[in-house]
Structure formats: C-alpha cells, structure tokens
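This report covers a nonpolar core, a sheet and a pocket. The sequence and structure are shown first.

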Amino acid sequence: MEILKPMTVHPHLIVLYPQSEFAELPLELGTVVLGRGQDADIRFEDELVSRRHCALTFDGQSVTVEDLGSTNGTFVDGNYIHKQILDSDNRLQIGKMVLKIAYKDPNEEAFSRELYEAATMDSLTGILNHQAFMDRSAGELVCARRVGAFIHVALIRVDDFKRFTDSCGEMCGNLILKEVARLLNDEKRDSDLLARYDGEKFLLLMIGISPDDAKKRIEKLRLAIERHIFSWMDSRIPVTISVGLVSRQSAEVTQMNEIIAESDGLLNTAG
C-alpha cells in the first residue's frame, strides 16, 4: 500500500553522479522537463541526455517520471521505463546522470557536500562504497553501450585476510585494507571506478580499453600490492591479492550485478 507524503514535506531532486555536479533541486507542484536543450526546465550538460529527455510531475503526494521519447532511454534502478512513480529509494538514470528524489521538510537544511560524501564513501578506506559504485556504474554502462566499448569488472580480494586479523588483530587488518585501497586508487586511471565491495573485497570498473589491456592493468595492480612493504609492529607482512576479471562487450551486459556475480565466481574458483 502506498503511503502518501504529507504536504509539509516537499520533494527535492538530488544529483548523485557525477559527484562534481552534486545538487539539491526543490520540485514544486506541476511538471518540469529534464534535458540538455535550452528549453528544458532542469538542464544537464551530458551528451547522452536528449534535449527534452524526461518529465517529473509532482501532484502534491508523489513524483512521477515519464520518458519523453529520449534517444538513450530513462531508467529506474537499471530498468528501462516509460512512466513510473518514484520512491525515495529509487535511482533515476538519464545518460550518465544518476538522480534520486528525497522528501524533505522545507525548514530542514539542504544536504551538505560533507553529508553526501559520508553517504557515498567507505568510512575506513576513503574510496567509494558499494552502493555509490552501483549508482555510478549504471551511468558508465549506458555510455559504454552507446560507443560499443568493452566493459571490464574486476573483483579484488586480499588473500588470507582472516589469517592476518586472527594473528595480528583487527587494527592490523584495517591498516592492510587502507593501504591496499590507497595503492589501487593510486594505480588506477582517473576514469576508472574503484570501490570497497565487502570486507576484504574491492571492485574496479574499467571502460574504453581492450581485454588485453585490462589484463595488463590488473597485473600491474597485482604487482604493486605484492611489491609494497606492509608492516605491523615492526614486522613485514606479505600481502597479495587475487582477482576475478570479466570483460564483456557492453551490449551484452544488461545489469551490473550480472558481471559482478561472474567476477565473484571467477574469484571463488581461484580460491
């Protein structure tokens, strides 16, 4: 059963990705058009967004999104839609833009960039968290499909991580994770997406290179970890990683979860 939003709570359109364009835009009663054209009510400078891409309508109780015949489609939670009511948990994607609706009291302060970053960054390692990766990778997938590029997903696991925490403690494990994240972040390209997936696992998304080049980049990352000197209590700790790398033509990938699951399967096979 749908719970109607009280009139004292107003919807805001939140720009989640790209992070550099983070914004919180209040929506009034009626309809606004999102697009790239001069006549759009809310404009996005994204070549994958049509001039009049989609419309958002607030009727006083809920917000409905409707595609306006856009070239690249309108997606909610990764699924193509023509018209749908948006909940605050939904992710709306047009082109590379990832958006959401948030219902807020008019007297409530606007989201600050610090709060936004806290919600999208992993608190231990300082890189993207899993949810932020999923939000942003959806836009990257649309871009890759348009140009027919390969998409490469690598699931990276720190080997024997439980042994480190059992023998040296949680603080040692945290140090290893932070150092691995820093090294991966330093070695990746600016255009790559890196995130902490879960526990001792990390996710890396690469687009715009060949499968052979993706393998070379993963080997470079692996060697960077292997050659780095990790130490704890004046003792050196030998840290290595295992990687499950999957490369697919972007047209073959309908959901990011599919290729991530395939990467996880390869990682499990590797032991």
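## Sheet

Two strands are taken to pair if DSSP finds at least two bridges between them. In this predicted model, five strands form an open sheet in the order S4-S3-S5-S6-S9, and the pairing is mixed. Its edges are strand S4 (42–43) and strand S9 (83–86), each of which pairs on one side only.

Strand S5 (residues 54–58) and strand S6 (residues 63–67) are antiparallel and share five bridges.

## Nonpolar core

The largest nonpolar core contains 26 residues. Val180, Phe202 and Val239 have the most contacts inside this core.

At least two core residues come from each of the following: strand S12 (150–158), helix H3 (161–168), helix H4 (170–187), strand S14 (201–207) and helix H5 (211–227). The most are given by H4, which supplies seven residues.

## Largest pocket

The largest pocket holds about 340 Å³ of space. Its lining consists of 18 residues, and those nearest the pocket centre are Asp77, Gly78, Met134, Ala138 and Gln255.

Helix H2 (130–147) and helix H6 (256–269) are the elements that give two or more residues to the lining. H2 gives the most, with eight residues. Sorted by class, the lining comprises seven nonpolar, seven polar and four charged residues.

Terms used. Residues are numbered from 1 along each chain as its sequence is written. This is a predicted model: local features need pLDDT of at least 70, side-chain atom pairs count only at pLDDT 80 or more; totals for chains, interfaces and linings use all residues. Side-chain values use heavy atoms; hydrogens and water are left out. A nonpolar core is a set of buried Ala, Val, Leu, Ile, Met, Phe, Trp, Tyr and Cys residues joined through side-chain atoms within 4.5 Å. Buried means under 20% relative accessible area, exposed over 50%, partly exposed in between (1.4 Å probe, protein chains only). Helices (H or I, at least four residues) and strands (E, at least two) are DSSP runs, numbered from the N terminus. On a 1 Å grid over the protein atoms alone, a cavity is a set of points where a 1.4 Å probe fits but cannot get out, and a pocket is an open set with protein on both sides within 12 Å along at least five of seven lines; lining residues have an atom within 4 Å of a point. Grid points are joined across faces, edges and corners, and a volume is the space filled by probe spheres set on the points. Ala, Val, Leu, Ile, Met, Phe, Trp, Tyr, Cys and Pro count as nonpolar, Asp, Glu, Lys and Arg as charged, and the others, Gly among them, as polar.
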